[in-house]
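Thanks, everyone. Let me put the structure up, and then we'll walk through a few residues.

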Amino acid sequence: MEKILTKKSFSKWVKKLESYKIYAPVKNDDLWNYEIIDIPESIQPDYPNTVLSPKKIIFPQREIFLEFKASNEEGLEVKEILPEERPAIIFGVRPCDARALTLTDNVFKGDFEDPYYWKRRNQTILIGLTCNIPPSFDCFCLSVGGSPHSKDGLDILMTDLEDKYYIESLTKKGNQLINLAKDCFEEPKVMDKKDLEKIQANSEIQIKRQIKDIKKIPKKLKGMFDTPFWDKESLSCIQCGICTYLCPTCHCFDINDEVASSAPLKGKRVRTWDNCQFPDFTMHSSGHNPRPDKASRLRQRILHKFQYFVELYENFQCVGCGRCISKCPVGIDIIEVLDKVRDYGL
Amino acid sequence: MVKVEDIKKEAKRILKEGKVKYIIGYKKSTNGLMSVPAFIESPEDVENLIWDPTCVYNLTRFLVDEKRRKAREKNPDERPVGIVVKGCDSRAIIVLLQEKFINRENIYVLGISCETTGVLDEKKLLKKLNGKKAEKVEYDEKDNFIITTLDGKSKVPADEILAERCLECRANFPVINDILFGEKVDRKLDNRFKSLEKIESLSKEKRWGFWKEQLDKCIRCYACRSVCPMCYCDECVVDTINFAVTADTTAEEKAQRIKWVEKSPTTSENFVYHFVRAIHLAGRCIDCGECERVCPMDIPLRFLNKKMEKEAKELFDYDAGFDPDQPSLVSCFKDEDPEDFIR
Amino acid sequence: MTDEFEPRIVAFLCKWCSSAGSDLAGVSRMEYPSNVLPITVMCSGSVSPLYIFSAFNKGADGVLVSGCHPGDCHYLKGNYYARRRIALVKKLLEFIGLEPQRFQMSWVSAAEGKKYTQVIKDFVKEIKPLGPQTKLRRNQ
C-alpha cells in the first residue's frame, strides 16, 4: 500500500495509535536515543542516527527470564517472567537498523526459538525512515547489501518529501496502522512517485564510504586465522566494548543468577548483553583463556561478521551503519581493516 | 604549535640509530578529521606522523599493553619504546613511574608542549559545525582555530572547541621528557575546579538526580576503564577472570564466588562500578579526560575524577603526576590529616 | 508497637578495638539499639572502599567504619591510612548526593564500651528520619 501523509497530519496519525507503546528517537543533551513517547508532537523524525539501534528494544541489555525462591513445599519455586504483552511501534528506524533485525532473527530461531526475543519482535511494528542524507559520515550500507531506502525488516517505510511523507506500507501490520487513521492519508500522485524515485536514487549517491570487492572477503578470511595480520591491526585496540554493544547486529549474551538473598534463597535469572572484546568472555573456569589477547578478540569480531555468519546464514553480519567506526575511541575503521584483508598477500 | 617536521626529524634519528624499538605517536585516520594512534617501527613510516589539534589521545595507555606483551615474549627486545606525549599525558608517565609499573629506562619520551593552545573536543566541534564534516583544523597562534570544511574556511575562537580538560589544564608542558619540542608557556588559570563547582553548588537531591540520570545511561562498555592508563589492574572488580578453580572446586564454591557487581546495567550496579573507578583513581588521575571523551553515552565522567582530585588537594595537599618520588595518596598519611568527620 | 522505620547499619569494626569495645558494651549489659550488623575486620585500614559501596548496594541504610584511636593501631598505622581513604569515600558519596549521615567513621577503643553505645545511638537517631536508603540499593 502506498500513501501520502502531510507533515501536518503526522501527529494526527500518531495520536490515533495511542493503544500502542510508541518509541521514537529523542534528543537528550547531544545524544539521540530511542525512548518511549507520550506526546506525539515530540516525534522529530529528522535526526542523525541514534547511539543504540532498536536492538535495545527488541533485545534489551537486561532481560529477566525467571524468578526463583526457596519454598518449603516444592523445594524451589520458579516463576517465568515473559515480556509485557503490549504492541509497540518504533518510529524513525533507519533502514540499516531494521535490516539488522532480520539478521539477528536468524540467530534467535532455528532449533530453539527464543521466546523472549520473539515475543518482543512479533509485537513490535517498525516504521522506517529513508536516509535522504546519510545520518553518519561513516555509513556504508550499500557495500553490505543494504541501501538508504532498504525495506528489509520494516513494516512501513516513510520518505521525507519536504512537506510530506511518502508512505510505503510493506506488511499487514503496516496496513493496519494506516487503516486506523484512513482520513490522514492521501493517494500518491504521479509526481510524488517521481519525487520519491529521485530522492531514493540520490540518497544512494550520498553514501561515500564503501568496501570494494566485499564478496572476496569471506573466502580470504578463511586463510587468515593464523596470520600476524591481527596483531598489527589490533595494536591500537583498547578492548572496550563500544563496537559490539553499539552494533545493531551483535547479539551475544550472558545468563547470570542474580541472588538477592542466600538464606532463604531468592533471586532472578537474568540475561544481559555480553561482549567478545572483554577478557572474561571466553574465560574457562579452569583459568585457561582460548582468546588470550586483543589480536584474537579483534579477529573474532571480524571473522564472526564476515566469515562465520556468511557461512551460516549467507549474509554479512554487518549492515553498514558505521557506529563502530564513528564511536571507536582509537579510530579503528572496519572498512580499512576489510580493505587490508582483501589486499592481504597470503 | 610545534612543527611536525621537528618531531619527524627526531623520530627518524632515534629509529635509524636503533635507540628505540618503535614509536607510539599520532597519524591521520582513515575516516575523518581526528588523528589515531600510530605505531611507527621503521624510519620510512615516520612520514605518517602528525601533530595537530586533533591529537587528543593519551598514548601512555599503550605502555600498559607494551609491558604485558613484553612479559609474554621469550626473548624480548630490551630497547625502550618511544612515546609522544603532551603535558597532561606526561603526568600519566610520572604516575606509572611512581607506582613502579614502568621503568624509566624502558621509555624514550618525546615531549611536546601545547604552548598556548590544546586539543579539540570532537563533540563540541561537531556541534559548532552543525553536523558538517571538518576536513582540517589548524591553530593560527592567536587563540583561534581555522576549520576547513567543504564550504570553505572559518575561524572559531579556541575556547569554544577546546577540550574541557585543556580549559582547566595545569600542565601544558611535559613534566618529563628525553627530548622536548616547543616552548614552556605559562597559562593563566584562576580556578582549576571551575567546571566542578556547577555540580557542587547543587542541592543534595539535585546532585543525586544529576548523577542518577547520567549513570543510568551507562551501558557498561567499560571504554572509560579501557582507555585509562591508570586502569591497569590485571583483574578488574567487574570481571571474574581470575577466580581460581581447581579440580576440587565444587559447583557450590563456584556459585558462591564473590560477585561485587552484577552485569546488569542497573542504577545500583552502575554506581558501584563508577564509585570503584573514581576511588581507585583518587590521587592517580591526571585529568587527561579520556574517559569522558570516549564515553559513547556522553556521561560526564571527568567530574567524578575531578572531584577526587580536588579533595586530594584540599584535604591532603596532594597533586598527582608531578613527582615520581612522592608516595602515592592512599599509601601515605600525615599526622595532621583531617579527622573532624570522625566521632 | 508502632511501625517505626528501623535502619540497618553495617558496622566494620576493628578486631583489636571497636569490636572488643562492642563486646565490652555487651558484657557490661549496656543498652543500645539493635540496628547494627557488625562485621569484624582485622583493621580499619583493611576496609576496602568496595566493602562500603557493596554494603550500600546490598541495602544498608547506614555504614560505620570504626577503628583504633590515632597512635593505637595494632599494626602501627592502619588507622591513619583508613582515615585518608574514608575521608575520600565520604566526599565521593556526598558528591553524588547520598545523605552524609549515612556513612560515618569513629574511633572506639577496646575500653570504650560506653562510647560505642553512644556512637550507635547517635547514628540510629540521625538516620531514622532519613528513612530507608534506596538510592544505591539493588532493586530486587
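Start with B:Asn31: its side chain makes a polar contact with the side chain of A:Asp138, at 3.4 Å. A polar contact here is a pair of N or O atoms within 3.5 Å; within protein, one must be able to donate a hydrogen and the other to accept it, and residues adjacent in sequence count only if both atoms are side-chain atoms.

Ground rules: this is a predicted model, with local features needing pLDDT of at least 70, side-chain atom pairs counting only at pLDDT 80 or more, and totals for chains, interfaces and linings using all residues. Residues are numbered from 1 along each chain as its sequence is written, chains are lettered from A and ligands numbered from 1 in the order written, and side-chain values use heavy atoms, leaving out hydrogens and water.

Back to B:Asn31. Its side chain also has a polar contact of 3.4 Å with that of B:Ser29. Where does B:Asn31 lie? In the loop between β1 (23-28) and β2 (35-40) of chain B. Strands are DSSP runs of E, at least two residues; helices are runs of H or I, at least four; both are numbered from the N terminus.

Buried or exposed? B:Asn31 is buried, at 15% relative accessible area. Buried means under 20%, exposed over 50%, partly exposed in between, with a 1.4 Å probe and protein chains only.

Now B:Leu96, in helix α3 (residues 87-98) of chain B. B:Leu96 is buried, at 0% relative accessibility. From B:Leu96 to B:Ile219 is 123 residues in sequence and 29 Å in space, C-alpha to C-alpha.

Last, A:Val78, in strand β5 (residues 75-80) of chain A. A:Val78 counts as exposed, at 51% relative accessibility.
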